[in-house]
Amino acid sequence: SALDAVTGLSGSGPAYVFLVAEALIDAGVLNGLSRDVATDLTVQTLRGAAELLATGTAPAELRAAGTSPGGTTAAGPPVLESASVRAAFADAVAAAAARSRQLG
């Protein structure tokens, strides 16, 4: 009964992560890094984040632990939240799950 939701989240999830990687790489380039360096840093960042998530610590706790009040990391998440990134991911998973139901 949860197969469509699984498909929307996990089956389509790698594409969402790849889109995030593309965006991070492009942002690095826009901020002065070479594409190769931005790509390497993005891959290592995603790898490290995945390893931390695999410890079982809640994502919100990991984010809080890596964010110093008033620091550089604290500047980014509010921008993502104001751009409704969380809602966009929810909508993407819902759209993929709905398509899975249609394909039945």
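Start with the contacts: among those between residues at least 6 apart in sequence, 44% join residues at least 24 apart. Keep in mind as you look that this is a predicted model.

Now switch to a cartoon view. You'll find 6 helices and 0 strands, so the pattern along the sequence reads α-α-α-α-α-α.

The protein exposes about 7,500 Å², and carbon and sulfur atoms supply 65% of that. How many of the 104 residues count as buried? The share is 11%.

Time for the charges. Colour the positive and negative side chains: there are 6 positive and 9 negative ones, and the centres of the two sets lie 6 Å apart. Side chains of opposite charge can pair when their charged atoms come close. Here, the structure holds 2 salt bridges.

Select R35 and D26 for one of them. Their side chains meet in a salt bridge, at 3.0 Å from N to O.

Now pick E81 and R86. Their side chains form a salt bridge too, with 2.5 Å from N to O. E81 counts as partly exposed because its relative accessibility is 39%. R86 sits at 55%, and since exposed means over 50%, R86 counts as exposed.

Methods. Residues numbered from 1 in each chain as written. Predicted model: local features only at pLDDT ≥ 70, side-chain atom pairs only at ≥ 80, totals over all residues. Heavy atoms only, no water. Salt bridge = Lys/Arg side-chain N within 4 Å of Asp/Glu carboxyl O. Buried < 20%, exposed > 50% of the residue type's maximum accessible area, 1.4 Å probe, protein only. Helix = DSSP H or I, 4+ residues; strand = E, 2+ residues; numbered from the N terminus. Contact = heavy atoms within 4.5 Å. Areas by Shrake-Rupley, 256 points an atom, 1.4 Å probe, with all protein chains shown as cover. Lys, Arg positive; Asp, Glu negative; His and termini not counted. Charge placed at Lys NZ, Arg CZ, Asp CG, Glu CD.
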